[in-house]
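Thank you all for coming; I would like to take a few minutes to walk through one model, going from helix packing to the contact between the chains and then to a strand. Please keep the picture open while I talk.

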Amino acid sequence: MSASSSMQGHTVPASGMDNTIESPGQRAPLVLGTGDFHTVTKQVCRVPEHTSVPMAWYIAFGVSLMLLGALGVAVNYLIFTGVGVWGLNNPVMWAFDITNFVFWVGIGHAGTLISAILFLFRQKWRTGINRFAEAMTIFAVICAGLFPGIHVGRVWFAYWLFPIPNQMEMWPQFRSPLLWDVFAVSTYFTVSLVFWYIGLIPDLATLRDRAKGTIQQFAYGLFALGWRGSARHWHRYEVAYLLLAALATPLVLSVHSVVSFDFAVSQLPGWHTTIFPPYFVAGAIFSGFAMVVTLAVPARELFGLKDLITMRHLDNMNKVILVTGCMVGYAYSMEFFIAWYSGAPYEQFAFINRAFGQYWWAYWIMVSCNVITPQLFWFKRVRTSIPAMFVLSLFVNVGMWFERYVIIVSSLANDFLPTSWDEFIPTWVDIATMLGAFGLFGVLFLLFCRYLPMIAIAEVKSVMPEANPHWEGYAKGRGHQNHGDHGGAPAGAAPAFQDPRPGQP
Amino acid sequence: MTTFATPSSTTAPASTETSVAQTWGLVARFANPAELMQAAEAVRKSGYRYWDCHSPFPIHGIDHAMGISRTILPVVVFGAGAAGCTLGFLLQSFTNSFDFSIWAMVWVTGYPFLISGKPLLSFPAFVPVMFELTILLSALSAAFGMLAFNQLPELYHPLLKHPGFGRATDDRFFISIEARDPQFLRSKTGEFLKSLGASSVEVVES
């Protein structure tokens with residue numbers, strides 16, 4: 001029995017209704033098909049609690065495992081043989097490795113944007129998608145972290161990146177953007193993990209309290225840390241969550257800025273541009289949102305979450321893709337303008353060569369997928385069509401991978417001295433590592449879908465109208481006293497409440 | 001589980017009860033957030049000290065209704081952030097700008113790197129790492145500070161083994177009053193909770 005189902009005058013938003021219609025004076029419902037907290041719990045917990053999952057999950061998991069195996073082979077071959085197994089040459093000394101690194105870090109950014117920035121802007125629709133977008137962030141940063149780790153060649157010296165006191169009296173060189181990157185990405189991973197876990201605690205408690213088996217009770221119980229929904233706990237929890245959101249917001253903007261410094265601080269034409277930090281951040285959010293759509297569309301179909309990840313959520317995400325796609329398009333054209341305006345012949349050559357030189361095909365794949373096809377999202381028909389948005393989001397993923405490839409490889413391949421010009425041709429190890437990273441991501445993400453709540457249960461409940469103690473459905477007979485935190489209370493009229501319990505910080 | 005019955009021994013305080021299991025307190029169930037909030041205000045006004053509300057999600061305004069004073073967590077986080085920023089500067093200037101030795105588990109000596117003629121103490125180049133360490137330490141202190149102030153992890157708690165209380169993380173709303181509260185009288189407190197509109201009041205054994 002639910003608290004709200006007995007309330008009069010309340011119409012439950014119908015399952016599968018179109019909540020993308022903008023009706024002034026009325027908020028579009030974010031949870032469909034129920035006015036009941038228990039139904040939300042059941043819907044989300046169904047996947048972790050069931051012993052059988054859809055066949056599609058097993059197929060996807062099998063494919064991901066195979067790709068992960070390919071990654072293992074490729075990485076081990078690289079470590080035992082050396083970076084010569086990649087197609088790198090002089091002058092193209094960075095190619096697939098750093099392309100993949102920047103691609104995966106960028107994917108992660110949408111998760112933090114959804115969890116932190118949209119939280120600060122009070123965008124309540126984020127609650128439907130923030131949990132798995134954050135999970136996507138963490139797994140994407142794991143994939144990203146692999147590439148700088150293995151591209152150093154002698155992997156066993158990777159610890160030299162960290163300022164560890166040692167008998168060699170060696171220190172990292174802190175004036176290098178590559179070292180800023182080490183700190184930015186490792187901080188980003190740590191903070192994203194903490195943010196995600198803090199958000200998970202109440203939902204792990206829900207799973208613990210519903211668990212039938214001993215193993216589940218123990219595992220969920222251990223990680224739920226004894227959470228019991230106490231209002232005194234919730235108070236500090238909400239403050240901590242707000243602080244984490246406020247800290248993650250500048251962090252996420254800084255991380256891709258620092259990644260762009262890897263290029264912008266160098267002297268190479270095509271890299272040495274001041275537009276890089278904002279351009280990289282916009283591109284990161286663009287690609288990340290596309291990845292969220294790519295993952296959300298099959299997940300909501302397979303696991304029956306269409307009433308929680310509604311068409312309005314997807315519509316909103318497609319709008320973000322459209323906006324950030326336009327920003328990226330603006331950055332592409334502004335790069336050309338500045339190359340012309342600078343009057344520097346090397347700079348002008350780098351950009352003309354990028355569009356019409358030996359990597360013209362990569363450049364135009366990038367422009368088509370990132371600037372041209374997302375314009376279809378101006379049409380609501382396209383924004384609310386599942387097949388259209390899935391295909392377009394895949395295009396964006398491809399286009400953003402090529403963006404990094406174009407920036408890195410086309411700038412390096414044709415450098416200052418024409419005698420040293422060369423072409424990068426990937427080897428099978430390059431390709432296996434790139435595809436294998438998708439396998440690593442897929443394995444982690446599918447395990448997350450299987451064993452953890454894919455949707456933030458407590459947060460979704462808190463944006464339902466029934467969660468508001470002043471909701472009209474509850475206002476029958478008994479008036480509710482003013483509790484001092486609403487605009488109507490005269491200043492000073494609220495009693496000076498004190499927590500009477502001793503020693504409670 | 002003992003369902004609270006109508007009073008028979010109205011004057012016996014909890015400490016003198018001779019039941020087999022010790023009474024931890026009472027837990028009362030309310031229908032929805034609105035009723036929980038009204039009841040919470042009434043419990044606060046009647047002067048109870050060791051009591052709590054339990055809900056599956058944070059309820060806006062319940063901390064005011066309960067009279068919870070604002071946590072000092074932001075101050076702790078600010079301190080940690082300032083420490084991270086300072087640490088970032090000291091780490092980089094020590095390792096890259098000077099050559100004196102300090103003891104950090106082993107004796108370590110800084111190395112004044114001369115990179116493309118930049119000053120040894122090049123503050124602008126140190127800003128990104130200072131910023132990242134500021135964020136890192138403040139975020140970790142926000143998360144672990146919240147858990148510490150909440151006295152979590154607390155894997156054993158009498159409420160957690162109380163049957164039916166598991167729905168507090170699903171769709172039910174509870175108020176618990178602990179037996180150690182000076183005002184706690186098992187029967188009187190139970191009557192009081194009933195009078196607030198609780199649909200059930202149950203004894204929680206410790």
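This is a predicted model: local features need pLDDT of at least 70, side-chain atom pairs count only at pLDDT 80 or more; totals for chains, interfaces and linings use all residues.

Before I come to the helices, one definition is needed: a crossing is called left-handed if the near helix is turned anticlockwise from the far one by less than a right angle, and right-handed if it is turned clockwise.

The crossing in which α4(A) passes α14(A) is right-handed. On the α4(A) side the contact is made by A:A135, A:M136, A:F139, A:A140, A:I142, A:C143 and A:L146, and α14(A) answers with A:A437, A:L440, A:F441, A:L444, A:F445 and A:F448. What classes do the residues of this contact divide into? There are 13 nonpolar residues, no polar and no charged.

A second pair in chain A can be set beside this one, namely helix α3, residues 96–120, and helix α13, residues 386–413, whose axes come within 9 Å and cross at roughly 140 degrees. These two helices are therefore oblique to each other, and the crossing of α3(A) and α13(A) is right-handed. From α3(A) the contact takes A:I98, A:T99, A:V102, A:F103 and A:G106, while α13(A) gives A:M400, A:W401, A:R404, A:Y405 and A:I408. By class, this contact has seven nonpolar, two polar and one charged residues.

Let me turn now to where the chains meet: 67 residues of chain A are in contact with 75 residues of chain B. The elements of chain A that give two or more residues to its side are α1 (37–49), α5 (177–210), α7 (231–264) and α15 (457–462). Which of them gives the largest share? That is α7(A), with 16 residues, and taken by class the side of chain A that touches chain B has 33 nonpolar, 22 polar and 12 charged residues.

Chain B itself has five helices and seven strands, which run, from the N terminus on, β-β-α-β-α-α-β-β-α-β-α-β. Of its 206 residues, 48% count as buried, and among contacts in chain B between residues at least 6 apart in sequence, 77% join residues at least 24 apart.

I would like to finish on strand β6 of chain B, residues 173–178, where six of the six residues are buried, so that the strand is largely enclosed by the rest of the structure. B:F173, B:I175 and B:I177 point one way from β6(B), whereas B:F174, B:S176 and B:E178 point the other way, and all are buried. Strand β2 of chain B, residues 23–30, runs antiparallel to β6(B) and is joined to it by six bridges, with B:R29 standing opposite B:F174. Strand β3 of chain B, residues 51–54, also runs antiparallel to β6(B), joined by four bridges, and here B:C53 stands opposite B:I175.

Conventions. Residues are numbered from 1 along each chain as its sequence is written. Chains are lettered from A and ligands numbered from 1 in the order in which they are written. Two residues are in contact if their C-beta atoms, placed from the backbone, lie within 7 Å. Ala, Val, Leu, Ile, Met, Phe, Trp, Tyr, Cys and Pro count as nonpolar, Asp, Glu, Lys and Arg as charged, and the others, Gly among them, as polar. A residue is buried if 20 or more other C-beta atoms lie within 10 Å of its own, exposed if 12 or fewer, and partly exposed in between; C-beta atoms are placed from the backbone. Two strands pair if DSSP finds at least two bridges between them. Axes are lines fitted to C-alpha atoms, for helices over the stretch in contact, and angles run from 0 to 180 degrees between N-to-C directions. Angles under 35 degrees count as roughly parallel, over 145 as roughly antiparallel, 65 to 115 as roughly perpendicular and the rest as oblique.
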